[in-house]
Amino acid sequence: MNLQVFELVCFYAFAVITVGAALAVITLRNTVHAVLALVLTFFSTACIWMLAEAEFLAIALIVVYVGAVMVLFLFVVMMLDIDQEKLREGFVKFLPVGLIVAVVMLVEMLALIGVRAMHAQAMGVNPATAAGQSNTAWLGTALYTNYLLPFEIAALILTVGVVVAVALTLRQRHSAKYQMASEQVSVNPRDRIRIVKMDAVRPVEPVVAAAPEQESKP
């Protein structure tokens with residue numbers, strides 16, 4: 001079999017699996033099964049990225065989303081007591097509206113893809129292939145040499161965002177209880193623990209009453 005034909009067959013197979021798993025995410029009644037179907041969707045999408053020679057995006061999709069985010073979602077869903085009946089209420093009622101919105105979005109996306117295809121320019125040779133490197137190695141070299149300053153600025157912005165999120169979460173609330181480390185360290189053990197000396201007392205063994213002797217019968 002030709003290599004291009006084999007890649008095309010793999011692409012269609014992964015695409016069908018991705019679309020089927022994505023439909024299963026929104027149609028399955030069990031929430032845990034829906035999360036597992038989403039994991040399959042991400043994994044199949046990563047395989048498509050591998051066929052497109054975008055190894056970094058495929059690895060990031062598996063490591064970040066499948067390995068961390070979706071596992072967290074799965075544990076959260078399994079720990080929560082979700083009422084499936086309330087989730088299914090109104091599904092049939094709002095189904096026509098959802099289908100109309102989905103069709104409109106699909107038409108807009110196809111129109112946008114068509115417009116971009118009409119004005120698309122021929123792409124050059126893959127720079128990673130031209131440099132004789134893998135996609136991940138070429139991206140790392142370009143990111144840490146030519147685009148080092150934008151990368152550092154983006155990292156600084158993300159760090160500031162994390163600090164701000166933590167600061168907003170730890171704001172003072174009257175209903176919450178907090179621990180003061182300075183007060184805990186300055187505590188005198190003698191004020192918290194009192195040692196009382198007591199005489200050792202041996203437990204008294206219970207006295208078992210002797211059973212009365214049975215009278216001898218004549």
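## Threonine 18 and the helix that carries it

Leaving aside residues up to four places away in sequence, threonine 18 touches Thr41, Ser44, Thr45 and Ile48, where a contact means heavy atoms within 4.5 Å. Threonine 18 lies in helix α1, which covers residues 3-27; helices (H or I, at least four residues) and strands (E, at least two) are taken as DSSP runs and numbered from the N terminus. The model is a predicted one, in which local features need pLDDT of at least 70 and side-chain atom pairs count only at pLDDT 80 or more, whereas totals for chains, interfaces and linings use all residues. Residues are numbered from 1 along each chain as its sequence is written, and side-chain values use heavy atoms, with hydrogens and water left out.

With a relative accessibility of 14%, threonine 18 counts as buried; with a 1.4 Å probe and protein chains only, buried stands for under 20% relative accessible area, exposed for over 50%, and partly exposed for what lies in between. The side chain of threonine 18 also reaches back within the chain, to the backbone oxygen of phenylalanine 14, at 2.7 Å. This distance can be read against the limit for a polar contact, a pair of N or O atoms within 3.5 Å, of which, within protein, one must be able to donate a hydrogen and the other to accept it, while residues adjacent in sequence count only if both atoms are side-chain atoms.

What surrounds serine 44, once residues up to four places away in sequence are set aside? Its contacts are then with Phe14, Ile17 and Thr18. Serine 44 belongs to helix α2, residues 31-51, and is buried because its relative accessibility is 3%.

Serine 44 and isoleucine 17 are 27 residues apart along the chain, yet their C-alpha atoms are separated by 6.7 Å; for serine 44 and alanine 15, 29 residues apart along the chain, the separation is 7.4 Å. Alanine 15 is likewise placed in helix α1, but with a relative accessible area of 21% it is partly exposed.

Cysteine 10 is in no disulfide, the nearest cysteine sulfur being that of cysteine 47 at 9.3 Å. Cysteine 47 is in no disulfide either, and its nearest cysteine sulfur is that of cysteine 10, at 9.3 Å. Cysteine 10 counts as buried at 16% relative accessibility, and cysteine 47 is buried with a relative accessible area of 19%.

Glutamate 53 sits in the loop between α2 and α3. Although it is not a glycine, glutamate 53 has a positive phi of about 60°, and its relative accessible area of 42% makes it partly exposed.

## The chain as a whole

The protein chain holds 10 helices and zero strands, and 11% of its 218 residues count as buried. Among contacts with a separation of 6 or more, 53% join residues 24 or more positions apart.

In the model, residues 6-28 are 96% helix and 0% strand, with end C-alpha atoms 32 Å apart, and residues 35-52 are 94% helix and 0% strand, with end C-alpha atoms 26 Å apart.

Notes
Disulfide = S-S within 2.5 Å.
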